Amino acid sequence: MGDGIRVAAPCKINLHLGVFDRRSDGYHPIESIFQMLDFGDVLWIDSLKKRSGIELHMGGAIHMDVSVPPEQNIVYKAVRLFQMEQGDENGYYIHLEKAIPLGAGLGGGSSDAAAVLIALNQISGRPFTNPELESLAACLGSDVPFFIRGGTAYVTGRGEEIETFSVPTPWAVLLVNPGFHSSTPEAFALLDRVRAEAMEPAKPLRGRDELLQMLNSHPGNWTFYNDFLEVFLKRGTPEVQQTYRNVLLELKNFGADFINLSGSGSTCFGVFSDPERAKKALITLKSRWPFVKLSFPLARRADTVVE
């Protein structure tokens with residue numbers, strides 16, 4: 001690929017996810033602990049050796065819907081946004097190797113978009129600072145700014161208010177996706193409906209200090225939760241309810257110190273203080289579920305690599 005750049009697009013999990021009532025602008029504020037992992041997609045970006053133009057090619061283990069026009073892909077949108085903001089008239093070739101399942105609550109599309117911004121910024125001689133890249137990223141989606149920073153973060157607002165931490169993460173994470181897509185808009189709609197019918201307000205803010213203190217303790221002591229998981233277990237379809245219960249129970253039975261759902265689903269995960277237990281669980285669970293991956297926390301985002 002000549003002088004192209006290879007850039008990793010790591011996934012994330014939500015160790016904690018509180019969702020608050022819808023604001024007047026239509027967004028739901030959140031309070032979350034995001035953790036970047038060492039598993040994800042990979043992008044190669046190179047010049048087309050001509051002015052303008054974007055060629056986007058996709059491959060990898062995850063099937064993409066080829067009927068969707070490239071212009072609707074968030075990677076394509078990220079390139080166009082950078083070109084417009086930078087006045088960049090260069091054409092780009094992008095090859096995306098997908099490994100993160102779609103509709104999985106792992107932030108795959110958001111991470112891909114952030115990876116594009118980081119790579120193009122490097123190719124262009126770093127015209128934008130990281131805070132400026134985060135502002136651009138927010139135009140593409142609520143979770144995208146986090147992926148500019150990576151690591152471990154306390155995230156609030158609609159996802160754009162980010163405070164990163166340097167915390168010890170001496171544990172392994174086993175990701176288990178049951179093989180179905182979870183729609184984020186539908187998950188929010190279900191959450192709103194259940195709360196309205198029960199006339200129950202959202203839980204109160206836990207607060208940065210409380211969540212950080214818990215994060216520094218043993219995973220077996222964590223009381224993090226995910227509001228979407230609670231709603232799915234109460235009012236999801238029978239298939240969704242049973243599937244999540246089965247996956248989480250299996251993770252617990254195999255020795256996970258903490259279990260939860262990431263994002264609005266559909267990936268469940270177990271946090272293991274003993275990596276050897278996680279490896280044993282991986283072997284068995286791979287025969288039961290379509291996607292099982294052992295991963296480890298990243299303290300920061302990996303650098304791009306010039307090929």
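Student: How close do the axes of helix H1 and H2 come, and at roughly what angle do they cross?

Tutor: Keep in mind that this is a predicted model. For a helix pair, you look at the axis separation and at the crossing angle. Here the axes of H1 (residues 74-86) and H2 come within 8 Å, and they cross at roughly 30 degrees. Angles under 35 degrees count as roughly parallel, so H1 and H2 are roughly parallel to each other. As for handedness, H1 passes H2 in a right-handed crossing.

Student: Which residues in H1 and H2 meet?

Tutor: From H1 you have Ile74, Val75, Ala78, Val79 and Phe82. On the H2 side they meet Gly109, Asp112, Ala113, Val116, Leu117, Leu120 and Asn121.

Student: OK, and at what angle do H2 and H3 pack?

Tutor: Helix H2 (residues 108-123) and helix H3 (residues 130-138) pack at about 135 degrees, and their axes are 10 Å apart. That angle makes H2 oblique to H3. The crossing of this pair is right-handed. Leu117, Ile118 and Asn121 in H2 meet Leu133, Leu136 and Ala137 in H3. Notice Leu117 and Asn121: these two residues of H2 meet residues in H1, and they meet residues in H3 as well.

Student: Where is Ser124, and what does Ser124 touch?

Tutor: Ser124 sits in the loop between H2 and H3. Ser124 has a relative accessible area of 28%, so it is partly exposed. Leaving out residues up to four places away in sequence, Ser124 touches Phe82, Asp88 and Tyr92. Ser124 and Asp88 are 36 residues apart along the chain, yet their C-alpha atoms are separated by 8.6 Å.

Student: Which polar partners does the side chain of Asp227 have?

Tutor: A polar atom of the Asp227 side chain lies 2.8 Å from the backbone nitrogen of Val19. The Asp227 side chain also makes a polar contact with the side chain of Arg195, at 3.3 Å. Beyond four places in sequence, Asp227 touches Leu17, Gly18, Val19, Leu191, Arg195 and Lys203.

Student: Where does Glu160 lie, and what does the Glu160 side chain reach?

Tutor: Glu160 lies in the loop between strand S5 (152-156) and strand S6 (161-165). Its relative accessibility is 33%, so Glu160 counts as partly exposed. The Glu160 side chain reaches the backbone nitrogen of Arg158 at 2.9 Å. On the sequence-versus-space side, Glu160 and Ile30 are 130 residues apart in sequence and 10.0 Å apart in space, C-alpha to C-alpha.

Student: Last one, the cysteines. How many disulfides does the structure hold?

Tutor: A disulfide is a covalent bond between the sulfur atoms of two cysteines. This structure holds zero disulfides. Take Cys268, which is in no disulfide: the nearest cysteine sulfur, that of Cys11, is 14 Å away.

Student: Are Cys268 and Cys139 buried or exposed?

Tutor: Cys268 has 0% relative accessibility, so it counts as buried. Cys139 is at 59%, so it counts as exposed.

Terms used
Residues numbered from 1 in each chain as written. Predicted model: local features only at pLDDT ≥ 70, side-chain atom pairs only at ≥ 80, totals over all residues. Heavy atoms only, no water. Polar contact = N/O pair within 3.5 Å; in protein donor to acceptor, adjacent residues only side chain to side chain. Contact = heavy atoms within 4.5 Å. Disulfide = S-S within 2.5 Å. Buried < 20%, exposed > 50% of the residue type's maximum accessible area, 1.4 Å probe, protein only. Axes fitted to C-alpha atoms, helices over the stretch in contact; angles between N-to-C directions. Helix = DSSP H or I, 4+ residues; strand = E, 2+ residues; numbered from the N terminus. Parallel < 35°, antiparallel > 145°, perpendicular 65-115°, else oblique. Left-handed = near helix turned anticlockwise from the far one by under 90°.
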